[in-house]
Structure formats: structure tokens, C-alpha cells
Amino acid sequence: MIHPIPPGTRDVLPDEMRELRRLRLALAEAFEKRGYGEVATPAIEYDEVLARGDGRTAGSAYRFFDESGDLLALRSDMTLPIARLVASRYANVEPPLRFSYLAKAFRAVRPQRGQMREFEQVGVELIGAPAPAGTVEVIEVLEAALDVAGLDRAVIGLGDADLYRQLLAELGVEGEARDSILARLATHDLVGLEAELSLQEGISDEQVATCLALSQLRGGNEVLEQARAIGGAAVERATARIGETYEALEAKGAAGRVQIDLGLLRDLGYYSGAILEVYDPALGHVLGGGGRYDGLLKRFGLDLPAAGFALYLERVHIAQADGDSGRAEA
């Protein structure tokens, strides 16, 4: 008899569990070697605390009432709980603070879209280190994590979270219309993006074409020059920030696997400035992401710049196994 499990969850059998254990250990050691101490937080948080950190993603949390009638929620990522932890336990500690984690997270998603309701994240948070130096450090740690996992072909996309928010403000697009357009960008839905932009009053066909062209610019430093040729204050600010980070990476010899991606937008609302996305070109999977969230700690009463990243452990394992099989065939 087969007893089903909820869609978006899975069982892990012994052989795979052994491989996952080795991968967890390798990543944990890579983070510890770079000064990132591992922390753990409760899987259950007060809903009000998570909503304070990012109201946009509050709808994706699993909520329930406890015996006292308080509304609780399962965490949907680790950045918000660590922000809460830092504000509560490290308010008087001199920054920068470096934390790593390996933990389960939960999101109320549509499993038919291939998303998981329960998944394991591994990552780091760097608190109190401003851009661009803090961003560069986070990227270097991310590259070290990909190296120990054997993911030589993985690419790190580098974009700017504020680019399209500010660009849409310049075009006079606000409220629900802006949020809908940003959602299309976050899912790389160019057809939907064009349709949404075309529906907005006051936006010309030329401006629609400009937004679409901007969202498809990817590559090295030359991409920034192409973007600046398009013009606009929002583009100028974003390209300046990205350029500063990219040049710092080049100076450290750490830009080899980084690709500037002006179409990049994360689906979490707390990001500001540099954003990251990790993907495997051969598999087409997004392996993780991150970026700067300089305003998030202030919502918890501690105004510090911050940046971090998270990798989806199961997806990293799939990419690792595919890379091993490819090398064996060669």
C-alpha cells in the first residue's frame, strides 16, 4: 500500500542521505574556515516578527495559532530569523558579524510549478559590512561554497534590486501596477512583462522597448556601458553600484564566474542594492541567491548594513551529481 506525502515534500533514502551529509559537512567547514559561525533559530516564529521583516512574502508562510491564541508562522527563509536574532542578542556587539546556517524552510507555494513546500537552505549572513567590500566578501564565500561542492560551471548573476523600482518610479508607475511588473521581472517572464508595461498609461512603445532591452543585458563590464547608453537616473545609479562591486571583484581575481545581469530581480522585498542569483547553465536550475538588505535590520531596531546568500541544498546536490556523471562519461 502506498501512503502519499504532501506535494512539494519528499522522502530521502539512505544513499542520498549519505551524500547530502557529506555535502553539508563540506559547506559548513568552508563557512567556518572563513569566520562564519553556525547558528540555529526556531522553525516557528511569531507571524508579526516575520511580517515586520518582509510583508510581501507574508502570504507565502504557513500560519497557525498556538494554545494562547498567538499567531505563529513557519519560517520561509533564514535571513529574517537571523535579523531578529542579531537585533535581540548582538545589539551591543561590535560589527561586522558573520553567521552561517543550514536549516529547513517552508513556503506555501503551488507544487505543480515544481516548487518545494519544504526545503533545506545553507548560507551565510554578513552583518555590519557596507558595500562594496561586504558584497565582495559574500560573493567570495559563495564562490568557495560552489568550489567545495564541485560546481565549476555554476554562474553567479550580479544585478541591482533598486534598478527597476526606481526606473518605474521615473515612469510614474506605482502601487499594484508596479508590484505586478516587478513580479514578472522576478520570474523572468518577458512576455508578461511586455504586456504589463503596455497596459500602463503614459508609457510609450519606445519606453516599453527600453525596459525590455535593459532586462536582457547580461555579460561583463561592457553591459554597464550599454545600459548607460540607454540613459536615465535610475540606470546611472544602478550601473555605478554594480560597476563598483564588479571592479572590486576583478581586483581580487574573483570575477571569473560572475555575470552582470540587469534583468535580475529577487522575489523577496527586503533586498536593496546588489542582488545575486546562482544557476547551473547545464541544468537550468536556480541553485540559490542573495544580495544586500541594508534596511532590514532597522525594522528590528538595529540600523546596520548587511548582505548574504542562501543555496538550496537539494538543487546543489542534483547539480553536483550531474557534474559527477558528466565527468565519469568523459
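Which side chains meet in a salt bridge at 2.8 Å, N to O? Those of Glu-225 and Arg-228 do, and they open the series of close-up views below. The model is a predicted one, in which local features need pLDDT of at least 70 and side-chain atom pairs count only at pLDDT 80 or more, while totals for chains, interfaces and linings use all residues. Residues are numbered from 1 along each chain as its sequence is written, and side-chain values use heavy atoms, with hydrogens and water left out.

View 1. Glu-225 and Arg-228 both belong to helix α9 (residues 222-230), where they stand three residues apart, about one turn of the helix. A salt bridge is taken as a side-chain nitrogen of Lys or Arg within 4 Å of a carboxyl oxygen of Asp or Glu, and helices (H or I, at least four residues) and strands (E, at least two) are DSSP runs numbered from the N terminus. Arg-228 has 28% relative accessibility and counts as partly exposed; buried means under 20% relative accessible area, exposed over 50%, and partly exposed in between, with a 1.4 Å probe and protein chains only.

**View 2. Salt bridges between separate elements.** The whole structure holds 20 salt bridges, among them one between the side chains of Lys-252 and Glu-140, at 3.6 Å from N to O. Lys-252 sits in the loop between α10 (233-251) and β9 (258-261) and Glu-140 in helix α4 (residues 133-148), so this pair ties together parts that are 112 residues apart in sequence. Lys-252 is exposed, at 54% relative accessibility, whereas Glu-140 is partly exposed, at 27%. Another salt bridge, also listed at 3.6 Å (N to O), brings together the side chains of Arg-184 and Glu-196. This pair links helix α6 (residues 175-186), which holds Arg-184, to helix α7 (residues 190-198), which holds Glu-196, over 12 residues. Arg-184 is partly exposed, with a relative accessible area of 30%, while Glu-196 is buried, with 14%. Elsewhere, Arg-153, Asp-280 and Asp-322 are linked in a network of salt bridges.

**View 3. The open sheet of nine strands.** The strands follow the order β1-β5-β6-β12-β11-β10-β7-β9-β8, and their pairing is mixed. At the edges are β1 (37-38) and β8 (218-219), each with a single partner strand, so one side of each is left without a neighbour in the sheet. Two strands are said to pair if DSSP finds at least two bridges between them. Strand β7 (residues 155-160) runs antiparallel to strand β10 (residues 274-280) and is joined to it by six bridges, with Asp-160 of β7 having Ala-274 as its bridge partner in β10.

View 4. On to β12, the pairing of β11 is antiparallel over five bridges, and the bridge partner of Gly-291 is Gly-308 in β12. Six of the eight residues of β11 (residues 285-292) are buried, so this strand is largely enclosed by the rest of the structure.

**View 5. The packing of helix α1 against helix α4.** The two helices pack at an angle of about 150 degrees, with their axes 9 Å apart; axes are lines fitted to C-alpha atoms, for helices over the stretch in contact, and angles run from 0 to 180 degrees between N-to-C directions. Ala-26, Leu-27, Ala-30 and Phe-31 of α1 make the contact with Val-141, Ala-145 and Val-148 of α4, where contact means heavy atoms within 4.5 Å.

**View 6. The open sheet of three strands.** In this sheet the order is β2-β4-β3, with antiparallel pairing. The edge strands, β2 (44-46) and β3 (63-65), each pair on one side only, and the twist averages 40 degrees from one strand to the next. Strand β4 (residues 71-74) is joined to β3 by three bridges, and the bridge partner of Phe-65 is Leu-71 in β4.
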